[in-house]
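Have a look at the fold before reading on.

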Amino acid sequence: AVLSGMLNREEIGPILALGVEERIWQAVNEQEYVFRHALLRDAAYSMQLGSRLKSLHALAAGATADIHPGDPACHDVLAYHYERADMIPEAVRHLKPAAAQAARSYMNSQAIDLYARLAALSPEGRGKAEAVFDRAEVERTSGAWSEALAHYREAASLFGSLGLHGRAAGALQRAGRVLLDIGEDASGLEALDNAESLLDLEEDYSIRSQILMVRASYMLRSTDRSGVEEVLERGLHCAMLSGDEEQYLRVRGSMGNYDLEIDNLSGAISHYEAVMEGADRLGNLSLKALSLGNLALACAYMGDDDRARALFRQQLEMADETGNRYLSVLALGNLGSALSRSWSWREAPVFLRRAVRTARELGAVQHEAIARSNLSEHCIRTGEAAEALENSEAVVRLCREKGIDYYLARCLLVYARSLLLAGRPEEALATLDEAGAVDTSEDHDEIAG
């Protein structure tokens, strides 16, 4: 129909049939044909003058808009043709909804490409800054953390140059969280400090609440948790002032994490179930998956191992569906650990190794440390000395290199057991002495903040 509109002909069937017969193109479906080979397509393009190609793309865009007026499924196609026709304002107008639709559908690679094109074509101003920020959001979800960090910083700079201090603070908050997750604690905390300074110029209670939740999460995994409750209460108050229901639910989830840490299991479960109910209401699958995993941990702590394993599997399915690799690391590690202590222990190393690999690819050092430690413990139980020693050595080295002091004692204990299994008792005793000299808090599980 689009080609018919471009050619101003009612019947183009014979032309299409001839092209199929001559093996120039082939039908994808009743409405779409593609060249049989990229070389044929490139040859057809190279035979056209640049001005002619622009004219053809403009015709294609016009015909598509006439045939499918207001169809949201056509934004991507329209953006492509307008971009090739050098009709930049029209391309930008369609790129924004096309990228948003791809992101909502968890088509992460396509969304990143569309946001990159939108940012490149947008004039200097708020639209360009928002495109850079939205690209970073999808990159963070899909596991491209170094790219996300660069684009959060770029977005913060662009928003700041426009005097949009609240939006700049939001971008810095996201950058700070990524930095903390990859073990760059000093830079991460500095980014949060800078974000709070910007909010003193332009208040945004939702973003202030987000900053407080990142701080609370950092405090929960440190050796000093004093003041966590106060930070959580302030975060909840700011979320309520903002009217941002999603952020309110995220704070409730963080409160559940704190209750889980202090063994208030009924309180934790109450928070997690409230978050899951709210996430369902908002249609936020990622938030539901996050809380689902934490609910599974609470079930495991209560001894309901069957339900815990079922919930971890459900979380992993949701993480795969949304393309959220951070959630995948949490689900893989926790499911592997739960299986390791069950009759299905033979399945455990598959999930634990995937958790290690994915965390390493993300650069999520604390999660890699936990996953390697759990894999080592599984290998100790099953007598696989070489793999136990390899991973326990790696995790101790990682903790020392990145200054992850709050996991070091536990990791040294696992390393000592690995050395003993490997027939190196003197080194094991020396490692135990070192572990006893390390001042840390209790063990940590993979609780998602």
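Helices, of at least four residues, and strands, of at least two, are DSSP runs numbered from the N terminus. Counted this way, this predicted model holds 23 helices and two strands. The table gathers some totals for the chain.

| Property of the chain | Value |
|---|---|
| Buried share of the 449 residues | 50% |
| Accessible surface | about 21300 Å² |
| Share of that surface belonging to carbon and sulfur atoms | 51% |
| Share joining residues at least 24 apart, among contacts between residues at least 6 apart in sequence | 53% |

Let us turn to helix 9, which runs over residues 145-161. Its 17 residues should span 24 Å at 1.5 Å a residue, and because the end C-alpha atoms are 24 Å apart, the model agrees with that expectation. Buried positions in this helix include Trp145, Ala148, Leu149, Tyr152 and Phe159. What do the buried residues of helix 9 pack against? Their partners are helix 8 (126-142), helix 10 (165-181), helix 18 (325-340) and helix 19 (348-362). After helix 9 comes glycine 163, with a positive phi near 75 degrees.

In the largest one, of 88 residues, the members touching the most others are Trp145, Tyr152, Phe159, Leu260, Leu295 and Phe312. Phenylalanine 312, with neighbours within four places in sequence set aside, contacts Gly293, Ala296, Leu297, Ala331, Asn334, Leu335 and Ala338. Another core, of 18 residues, lies apart from the largest one; Ala369, Ile370, Leu408 and Cys411 are among its members.

Conventions: Residues numbered from 1 in each chain as written. Predicted model: local features only at pLDDT ≥ 70, side-chain atom pairs only at ≥ 80, totals over all residues. Heavy atoms only, no water. Expected span 1.5 Å × (residues − 1). Buried < 20%, exposed > 50% of the residue type's maximum accessible area, 1.4 Å probe, protein only. Contact = heavy atoms within 4.5 Å. Areas by Shrake-Rupley, 256 points an atom, 1.4 Å probe, with all protein chains shown as cover. Core = buried A, V, L, I, M, F, W, Y, C linked by side-chain atoms within 4.5 Å.
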